[in-house]
Amino acid sequence: MNTQISPREWEAISAYLDGQLSAQEKQRFEERLKVSAELRAGLEDIQRTRALLRSLPQKRAPRNFTLQPEAIPRHRTAPPLFSIMRLASAVATFLLVAAFAGDLLISRAQLASQAPSPNLQTQATQVVSGARASEGNPPVITWGTPSPYGEAATGKGGGGGYGGAPEGVGGAGNGSPYPNTGISPAPTEATPALAAAPASPEPNAAQKVQTTETPQSLQALAPQQSTPAGEPAAPGPVYNAQQGSSGPILGIRPPEERGTELAQSPASEPSLQESPLPERETVRIAEVVLAVIALATALAAIILHRRAAS
Amino acid sequence: MDEAALVSAAQQGDLDAFNRLVLAYQDMAYNLAYRMLSDENAAADATQNAFLSAYKNLRAFRGGSFKAWLLRTVTNACYDELRRRQRRPTTPLEPLGDGDEEIETPTWLADDGPSPEEAAERGELERAIQQCLTNLPEEFRAVVIMVDVQGLDYSEVSDAIGKPLGTIKSRLARGRLRLRHCLQQYGELLPSVFRLEDEATK
């Protein structure tokens with residue numbers, strides 16, 4: 001009998017009986033009801049079914065279901081300790097996150113501050129290695145003294161010597177007797193250069209001085225120095241500007257300015273690398289302690305909660 | 001003291017206030033449980049458990065219709081009882097298929113409830129309807145009981161069941177349709193009122 005009535009129409013019949021159709025839906029349904037005997041029969045069936053259900057008597061409670069105090073689980077004995085544990089766990093977790101975030105920020109700050117040093121060191125190494133003479137004697141390269149004669153220094157990354165070398169790129173010592181090399185290979189030449197610049201024997205002297213130069217001028221300088229010397233491009237041992245304490249590279253700054261920078265260099269470098277270590281260890285220990293506290297209190301809270309619930 | 005004040009007091013731990021709510025709603029709760037479970041003792045147990053659960057979880061009540069919230073608790077207690085029955089191997093539970101087939105099955109006849117013949121012989125329209133209700137899938141049964149037996153409106157049922165209105169409408173329509181099929185099997189055996197109505201429509 002109801003095979004022609006779709007599930008949607010059964011739903012509409014049900015909603016229609018309960019007045020749950022919108023005005024538009026109701027109008028459409030009633031129009032369809034007029035032309036469909038099956039729909040009318042279905043409506044009557046559901047209406048009768050609903051009436052039967054409504055005819056069921058309301059069962060009264062056989063007894064009172066009021067709760068007695070002794071019947072209520074004693075879940076209120078545990079909550080104070082549970083609340084404390086829960087709060088402690090939350091606080092420890094928060095502190096742990098804060099400590100971790102702080103640790104992370106400090107690490108990043110240290111990385112950022114240390115990052116330029118290796119680059120400059122590499123550049124310094126390249127410069128020195130390119131200029132190193134094959135004799136094994138530490139060469140002394142001086143540049144930066146403004147040449148009154150002009151052309152040797154223009155655009156070549158360094159000043160020419162007083163020797164007036166027309167191709168004196170890379171710089172030459174004052175009054176160098178090797179005008180075409182641009183490099184003073186003889187140890188004796190180092191003496192006036194060292195004297196002219198109050199070079200310090202401390203490590204990093206060369207590096208620090210060179211930080212005052214622009215990197216471009218240093219890089220441009222390196223290959224040009226080797227060419228006039230007629231030597232291969234320094235296949236020899238690399239001269240480490242930080243480790244070599246006896247081979248300073250003298251910069252272009254005035255002597256008084258160099259002195260100040262050299263004096264600063266030994267003090268500033270180690271402080272960056274070594275001072276944070278104990279602090280970071282403390283932070284790490286604190287993080288571990290906080291994690292343990294957070295876990296332990298959370299576990300205690302869970303156990304208390306389960307005991308209260310059971 | 002109005003209902004909201006009683007609920008608020010009960011949420012603060014006032015057991016007397018909660019018990020006043022229990023007295024106000026216990027008939028409704030028991031009626032729902034009985035129609036869901038078709039067993040007085042099980043219905044009483046489910047009702048008691050529901051009130052106990054309601055008291056324990058009263059802080060979770062965030063306003064709205066307390067009646068609907070309580071009905072939800074009762075419904076859940078009934079579902080728990082039905083699942084407990086399902087785990088018991090000796091207790092048959094009807095499959096969720098079409099009602100007219102299940103009535104004739106041996107498991108159905110082995111139940112404590114009367115057969116359709118017994119129901120008709122004793123003239124118990126109520127028992128016949130209750131049997132048909134029991135045949136319904138749980139989720140249809142709850143909606144049909146709430147709307148047609150207890151007279152709740154759709155929105156209250158939606159709150160109590162935790163489903164949208166569209167779902168309530170659909171479940172109600174399908175539940176009524178299944179009940180119609182089921183009751184037609186009783187047609188000749190039901191009291192004269194129903195037979196006359198039935199014949200009048202033919």
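Which of the elements of chain A has the lowest mean pLDDT, and which the highest? In this predicted model, helix H6 (residues 187-196) of chain A has the lowest mean, 42. H2(A) has the highest, 93.

Confidence was examined for each chain. Chain A averages a pLDDT of 65, and 44% of its residues score at least 70. Two stretches of chain A stay under 50. One covers residues 120-136. The model has 51 contacts beyond four places in sequence for residues 120-136. The other covers residues 144-248, with 207 contacts beyond four places in sequence. For chain B the mean pLDDT is 81, and 74% of the residues reach 70 or more. Here too, pLDDT falls below 50 in places. Residues 96-110 of chain B are below 50 and have 22 contacts beyond near neighbours in sequence. Residues 196-202 of chain B are also below 50, with five such contacts in the model. The model as a whole scores ipTM 0.78 and pTM 0.50.

The two chains were then described by their elements. Chain A has ten helices and zero strands. Its order from the N terminus is α-α-α-α-α-α-α-α-α-α. Of its 310 residues, 31% are buried. Among the contacts in chain A with a separation of 6 or more, 70% join residues 24 or more positions apart. Chain B has twelve helices and zero strands. Buried residues make up 39% of the 202 residues of chain B. In chain B, residues 24 or more positions apart supply 61% of the contacts with a separation of 6 or more.

Helix H1 (residues 7-17) of chain A packs within its own chain and against chain B. Its buried residues are A:Glu9, A:Trp10, A:Glu11, A:Ala12, A:Ile13, A:Ser14 and A:Ala15. Within chain A, these buried residues pack against helix H2 (23-35) and helix H3 (37-54). From chain B, helix H11 (165-185) also packs against them. A:Gly19 follows H1(A) and has a positive phi, near 70 degrees.

In sequence, A:Ile106 and A:Arg280 are 174 residues apart. In space, their C-alpha atoms are 8.6 Å apart.

Between the chains, 36 residues of chain B are in contact with 29 residues of chain A. On the side of chain B that touches chain A, the elements giving two or more residues are helix H2 (15-37), helix H3 (40-56), helix H8 (125-135), helix H9 (138-149), H11 and helix H12 (192-200). H2(B) gives the largest share of this side, ten residues. By class, the side of chain B that touches chain A has 20 nonpolar, seven polar and nine charged residues.

Within chain B, helix H10 (residues 154-161) takes part in two helix pairs. The axes of H4(B) and H10(B) come within 7 Å and cross at roughly 50 degrees. H4(B) and H10(B) are therefore oblique to each other. Their crossing is right-handed. From H4(B), the contact uses B:Lys67, B:Ala68, B:Leu71, B:Arg72 and B:Thr75. From H10(B), it uses B:Glu156, B:Asp159 and B:Ala160. The contact of H4(B) with H10(B) has three nonpolar, one polar and four charged residues.

The second pair joins H9(B) and H10(B). The axes of H9(B) and H10(B) come within 10 Å and cross at roughly 145 degrees. This crossing of H9(B) and H10(B) is also right-handed. H9(B) contributes B:Ala142, B:Val143, B:Met146 and B:Val147. These residues meet B:Val157, B:Ala160 and B:Ile161 in H10(B). The contact of H9(B) with H10(B) has seven nonpolar residues, no polar residues and no charged residues.

Technical notes:
Residues are numbered from 1 along each chain as its sequence is written. Chains are lettered from A and ligands numbered from 1 in the order in which they are written. This is a predicted model: local features need pLDDT of at least 70, side-chain atom pairs count only at pLDDT 80 or more; totals for chains, interfaces and linings use all residues. A residue is buried if 20 or more other C-beta atoms lie within 10 Å of its own, exposed if 12 or fewer, and partly exposed in between; C-beta atoms are placed from the backbone. Helices (H or I, at least four residues) and strands (E, at least two) are DSSP runs, numbered from the N terminus. Two residues are in contact if their C-beta atoms, placed from the backbone, lie within 7 Å. Ala, Val, Leu, Ile, Met, Phe, Trp, Tyr, Cys and Pro count as nonpolar, Asp, Glu, Lys and Arg as charged, and the others, Gly among them, as polar. Axes are lines fitted to C-alpha atoms, for helices over the stretch in contact, and angles run from 0 to 180 degrees between N-to-C directions. Angles under 35 degrees count as roughly parallel, over 145 as roughly antiparallel, 65 to 115 as roughly perpendicular and the rest as oblique. A crossing is left-handed if the near helix is turned anticlockwise from the far one by less than a right angle, and right-handed if clockwise. pLDDT is the predictor's confidence in each residue, from 0 to 100.
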